[in-house]
Amino acid sequence: MPSARSLRRTGGNRGGRWLRLPRLETCVMSAAVLALVVLVVLPLLFLLVGSFRGEEGLSLEHFAEALTGRLYLQALRNSLVLGAWTGFFSILIGLPMAWAVSRTNVPAPGLFRVTATLAYLSPPFLTAIAYVNLFSPNAGLINVLMRDVAGVPWLTFDIFTMGGLVLVTALHTFPFVFLLASSALQSVDASYEEAAQILGASKLRTALRVTLPLIAPAILAGTLLAFVNAIALFGSQAILGLPGRIVTLPTRIYALFDYPPQYGLASALSLLFILITVAALYLQHRFLARRSYVTVAGKGARSQLIDLGPVRWLLFGFCVLVFVVAIVLPYGALIAVSLSKSWGLSFWQNLTLANYRFVLFEYNVTQRAILNSLLLATLAATIAVLLGAVIGWIDVRTRAPGRRLLDYAALVPLGLPGIVMAVALIQFWLTLPIALYGTLAILLLAYVGRYIPLGVRAANTSLRQIDPSLEESARVLGASWGRTLREITLPLIRPGLFAGWLLVFVPVIQELSASILLFSSSSITLAVAVYNLYETGYTEPVAALAMVNMAIIGVALLAANWLASERPHGRPPAAARAGATA
Amino acid sequence: MAGITIRGLSKSYAGDAGPAAISDLSLDIADNQFVTLLGPSGCGKTTTLRLIAGFITPDAGTIHADDRLVSSREHVVPPEERGMGMVFQNYAVWPHKTVYENIVFGLKLRNVSAREARARVDNAVALVNLTGLEDRLPSELSGGQQQRVALARSLVVEPKILLLDEPLSNLDAKLRERMRGELKQLQRRTGITFVYVTHDQAEALALSDKIAVIHGGRLQQFGTPRDVYSRPASRVVADFMGLVNLLPATVVAAENGRARLRIGTGWTMEVDMAGTPRPGQTVEVAIRPESIRLQLPAPAEQPHLVARISESTFLGNIVDYHVVLEDNTALRVQTHPLEQFAIGDAVAVQVDAGQCSVFEVPVLDQGEPSREAQGAGE
């Protein structure tokens, strides 16, 4: 018989009759939507409005100037040239490596993957600084070595050129091509290639006529990603481009904020910038969509490794070269500079830790920058992930109207170069009576806004792996929405959220493009401090600070690795086991 | 009293214009009953269960639980305020909580004191034979054990109504049989109203006090297992409740609820028939394979038909025969394995007319070729 103890709460007095969702649920979801509006939608609207606001009322004067002024056209051309060459070199480096790793018996494929990962993680403005120390026309160590010691002046290289800029940028962007191309290569079924070979095609012909067309969409998609990322990088373009008078869109927008600031023009230029980026990302999306159509191979995809014979050592040598140029040279240079009293040919004669002591313990600006960056990265990552969890939950679990729109809004920042985000935030917050400019808060808003797509994506992926019945069974037992979220949903998606947290933390620690317009002396960040010290000519402390920056990223990644392999109490990864069946 | 009263319930998914998942369903589930919603996949039975649980809002109609209105188009009492229990097809045992933590969750929500909670969990654990496994994680349990954790978790809060969504479908045959027995006992012992969803007619027959057969989003029949099996309300129900021979027939004569039917050429049979049968009317007669008797040699004194064995399949506890009558009507027959016949044998066929059902054939469907002997088992 039903027990008297069985519990039935009197429903209906919580929330009105007309309210389908209990109050907390509505509040949290509305707050998340509101946050997204404030972080992304409103700044973009103000950017749009600002670009059309002239001296008196609406006008197209800013766009007219941006599209006719010599300075701006040149910046636009330089950015496009930089993007195009970087894309080209990304293919040149990334594609052979991808093919070698996924389809051939090349030795040490692990080294190829590590090279790509490290190259992607290295902040390009640090690589740029390192290369300046090696290849600046007068004082660069290798240039000096070649010219003055070896006596071969024609072997010197001027880093302050478009060539130098492309080299440093491509070292950061080739992993996009590498990753997309190698995953495509791995999903091409070997039977396609075998069919061509049985018909009499040679290995080379098969690769060019069968394999290449199959993975072409992936290569193009990777190249476009490389393009979009390349043109958005402020740091390397300022460090390498400005001395050689190569002005690009980010550096031109940055210059517009010199006194007197030209907000309207900066906004118009930013919108053009967004246009280019979004067009490239749209094409990239189209290409990737096509890829799945071409190389559908199902579960049976198997690929046979091609025996390259001695040629494989050639490919291996190529990879080693990339490893040296992308990792060993820049980090070797930075470590050497950071340990030397005065950077020069005989730097190894008087090594010192004084530079580290200076940036860590003596100079309060760098101390403040380190603490600010740690605080901001921690907060930004946490907020982006929690916000992402709620937005992801709305998208995956509810039938709320407009949830697709919300999802798109959360992805928009992917198309925003950092400096454009900063311009938009300035336009928005300067019109409000809240004095946010120059505070840590506006930096936090910029970071959360920029990286919210990573949080949403991490949450979405995790939530899709958790069967809804796990949440529903808690509801039936009497748990409210909030309680279910806290006790069931969040613990189950924790591994995914943690991965998302790191995905945000790492880029925020090294964020420069947006910070450079938003910082003040009290809210200075690590990357900005590196850039400012470099501008002021503190060669050796800059290197020490750069190494501190890398150390923080390294520790974060090691922690991630450790936590990913650690399964508390021998529990299986929650996502994989969620709703496990017999 | 914790009965469920459903009136005119409708729900369609792709907006109101889309195909209805469930339409105009009315059902009275009495207190203390084991009621099964039975139907093929996609028939709307799970939708009905989720409507009862409060996960979805009906497009029309009402649900009263315990004489309280809990669901209507305008207002739905959220699941957490219904005090029901639910066992999911995939068990939904939380992988990050131990067996004990899983089971005690509902008690914590009800602010039960730690001591009482401990005692009640111990009881529930004993009830489902899991004693000693309290500190295990779900990943360390077998499917059947996880299933029982899900049961204990629902039972420990002593709901008046327990909803079960195909809880046995992921278990192997032997375990399924055992859990079936345990569920039945559990329902008797606790007196909780069970609403059980399954597509397995054997499971429904074995467990239920009453079965609601749902097909195409509509309730086809609601009755005891015996009724539903031997007095199916429509050919859809007859077809779904196990193997059946559905044969076209014509009414020859009718009187007082009895009708004489002619099946094929020259074979007549007298059966009970509801409604107002008219001579000349085309009907369908449903004959279960076990209501047919085969004999060899033919009994001299009884009237019988003659058929030839065309196929035989030994299934262990029964033998399944395909036989063909002289007028080429094919029949499925199931007999005790000791009664053995060889392919090609001419056997005497006797049909137990008392076990047959007759359905009127809608005029529009007359052109449809008759399906015969279609099984609906797994």
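**Reading confidence, fold and core**

Q: Where in chain A does pLDDT stay under 50?
A: This is a predicted model. Where pLDDT is low, the predicted coordinates should not be taken in detail. In chain A, pLDDT stays under 50 over residues 292–301, a stretch with twelve contacts beyond four places in sequence in the model. Over residues 567–582 of chain A the pLDDT is also below 50, and the model gives this stretch 43 contacts beyond near neighbours in sequence.

Q: What is the mean pLDDT of chain A?
A: The mean is 84, with 90% of the residues of chain A at 70 or more.

Q: How many helices and strands does chain A have?
A: Chain A has 24 helices and zero strands.

Q: How does the radius of gyration of chain A read against a compact globule?
A: For 582 residues, a compact globule would have a radius of gyration near 25 Å; chain A has 26 Å, which agrees. The C-alpha trace of chain A spans about 100 × 70 × 50 Å along its principal axes. Of the contacts in chain A between residues at least 6 apart in sequence, 80% join residues at least 24 apart.

Q: Which residues have the most contacts inside the largest nonpolar core?
A: Nonpolar side chains in soluble globular proteins tend to be buried together. Here the largest nonpolar core has 273 residues, and those with the most contacts inside it are Ala181(A), Ala380(A), Ala384(A), Leu425(A), Val504(A) and Val285(B). In chain A, buried residues make up 47% of the 582.

Q: What is Val285(B) in contact with, leaving aside neighbours within four places in sequence?
A: The contacts of Val285(B) are Leu247(B), Ala249(B), Leu261(B), Ile263(B), Val271(B), Cys356(B) and Val358(B).

Methods
Residues numbered from 1 in each chain as written. Chains lettered and ligands numbered in written order. Core = buried A, V, L, I, M, F, W, Y, C linked by C-beta atoms within 7 Å. Buried ≥ 20, exposed ≤ 12 C-beta atoms within 10 Å, placed from the backbone. Contact = placed C-beta atoms within 7 Å. Helix = DSSP H or I, 4+ residues; strand = E, 2+ residues; numbered from the N terminus. Rg over C-alpha atoms; globule rule 2.2 N^0.38 Å. pLDDT = per-residue confidence, 0-100.
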